[in-house]
Amino acid sequence: MKVLVTVKEVAEPDDDFAIEGTDIAASDLEYDLNEWDDYAVEAAVQLAEAGIADEVVAVTIGPERAEETIRMALAKGADRAVRVWDDAFEAGFADVPAKVATFEAVVEAEEPDLVLGGVQAADTGFGATGVALAERIGFEHAAVVNDLEVDADASVAHVHRELEGGVEELTEVDLPAVLTVQTGLNEPRYASLRGIRQAQRKEIDATDLADLGLSADDVESSLTITSMYEPESESDAEIIEGDAGESASCLAEVLREKGVSA
Amino acid sequence: MSDVLVVSEHRRGELRDVSYEAIEAGRELADAQGGDLHVAAVGGDVDRFAEDLNREGVDAVHAVANGEEFDHNVYQSAVGALLEKTDAETVVVPNSVNGLDYAPAVAEAYDLQLVTDAIGFEYDDGLTVTREMYGSKVETTVDVDGDRFLLTVRGGEWAPAEGVGDASVESVDVDHPDSGARVTGFEEVGGGDVDIADADVLVSVGRGIEEEENLELVEELADALGATLSASRPIVDNGWLPKNRQVGQSGKVVTPDVYIAVGISGAVQHVAGMKGSDTIVAINTDPNAPIFDIADYGIVGDLFDVVPELVDEFA
């Protein structure tokens, strides 16, 4: 079976950051592979190592800078990658249908049996692309998967969905399917030196919307960010000042007053 | 003028509180749009649920008796049927694990503009939604172009709807194809030797501890204070502590007398699990960490300096 993994390069603000207009200043952002997608990549690579997946293809929507991120997925074991970018995405904040339209075209070209992606992106935090994509392409789906076993012969995935409050739902999902992966599903590997070397020789297919048979209209967003600001701190915490020894001593006094003792 | 449909959520025979919060958010939006508020109960004991969901401000409750537990295909078909049956053009769903398992598909199938994890909104000719970005470091306002919307609303941001309304209760039959995703059971996780929910004092450790071998430091603190050790999600994801030690939305909800957060930034999912603690103490290097917003006492400092001193105080 063929597995498609959607990955995103996410922006993470530095501890101190400035807001310029409706986004954080570019100089205060670092870019990295989305944490949730790291678990999705690992899940796909493990399926390949178990002989269940014949091919793992990573796909991302991102500018040239994102090649570094997608090469990370290749270094960890994905076979090849597709990177979609277009000037149309520069216009602003891509909404869910824009991403779905793009991934739909990639799915049509790649014909995967299983699509894995993270539950959400750390920066925008929508948590919606995978499930919306499943609806568009007629795949089954399960969101927030933290345990996965694929039975390729029976064409079914046995998953746990991590519900709130320490409860997991056990579900069987018919393939083909889109699964959104929760952190903790596995232990994402570090790319080995050998993996990083091999990744340099793996193919990254850079495409634009026209290559995929799409136009700018297909990815026009209905969402516009109109303001961005730091939330007002509602803190009424009593901040204990002093060096480590002094503050620990003050805190110890507070704790003793509250009845804390060994 | 358009109506609003809120879809409630239940699990194992009980409505979840987020349902009442979504009703409150739905009422706010219906008022702004000058429309009626419809609430759907889908699956399970819908007659009992319908009675409970008939809160003040609800105009109609729709009971869709179909299966016992959550099935995203049933929920999607139910919303589709209710969009046809009523004048609702906006759907409000809790931003829960199950909400995110069907809401995006509903938005896609019925052409609704989707915004997830809303913490506020304004409606004035058009819809503007407030939501966070960059892991709660900023808030944004987002203009939504369109006139049919689907909002998932974050738990804890709206007060639960109260009182008793005078809604009509209507049964709705929904056809849906055999589901390709079948729930076969539930599993409680986090059993085992320790129940952190029983502890009077918790020392809770987060990402700031950096390395597994540093856990010794907070173990010593827990020992010195006669406290139980708990953790935030990354520590459990890394396999450094078992799942039964996890505090937060997907772990345990705890309400100890004293909760000491060590190297925990205070993401919303974590705070949901410990905000009911009597006294909250936070030790963190980042003065802007959201944990200080709910802490009663804070030390802005390096846990590797402060914790050993604190251990000495109780030695």
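Visitor: Which strand of chain B is joined by two bridges to strand β15 (residues 238–239) of chain A?
Guide: This is a predicted model, in which local features need pLDDT of at least 70, side-chain atom pairs count only at pLDDT 80 or more, and totals for chains, interfaces and linings use all residues. Residues are numbered from 1 along each chain as its sequence is written, while chains are lettered from A and ligands numbered from 1 in the order in which they are written. Strands (E, at least two residues) and helices (H or I, at least four) are DSSP runs numbered from the N terminus, and two strands pair if DSSP finds at least two bridges between them. Running parallel to β15 of chain A, the strand joined by the two bridges is β18 (residues 297–300) of chain B.

Visitor: Which residue of β18(B) is the bridge partner of I239(A)?
Guide: The bridges link β15 of chain A to β18 of chain B. In β18(B), I239(A) is partnered by G298(B).

Visitor: How are α7(A) and α9(B) oriented to each other?
Guide: Axes are lines fitted to C-alpha atoms, for helices over the stretch in contact, with angles from 0 to 180 degrees between N-to-C directions. Those of α7 (residues 244–257) of chain A and α9 (residues 303–313) of chain B come within 8 Å and cross at roughly 50°. Angles under 35 degrees count as roughly parallel, over 145 as roughly antiparallel, 65 to 115 as roughly perpendicular and the rest as oblique. The two helices are therefore oblique.

Visitor: How many residues does chain A give to the contact with chain B?
Guide: Residues are in contact if their C-beta atoms, placed from the backbone, lie within 7 Å. Chain B contributes 73 residues, and chain A 70 residues.

Technical notes
Contact = placed C-beta atoms within 7 Å.
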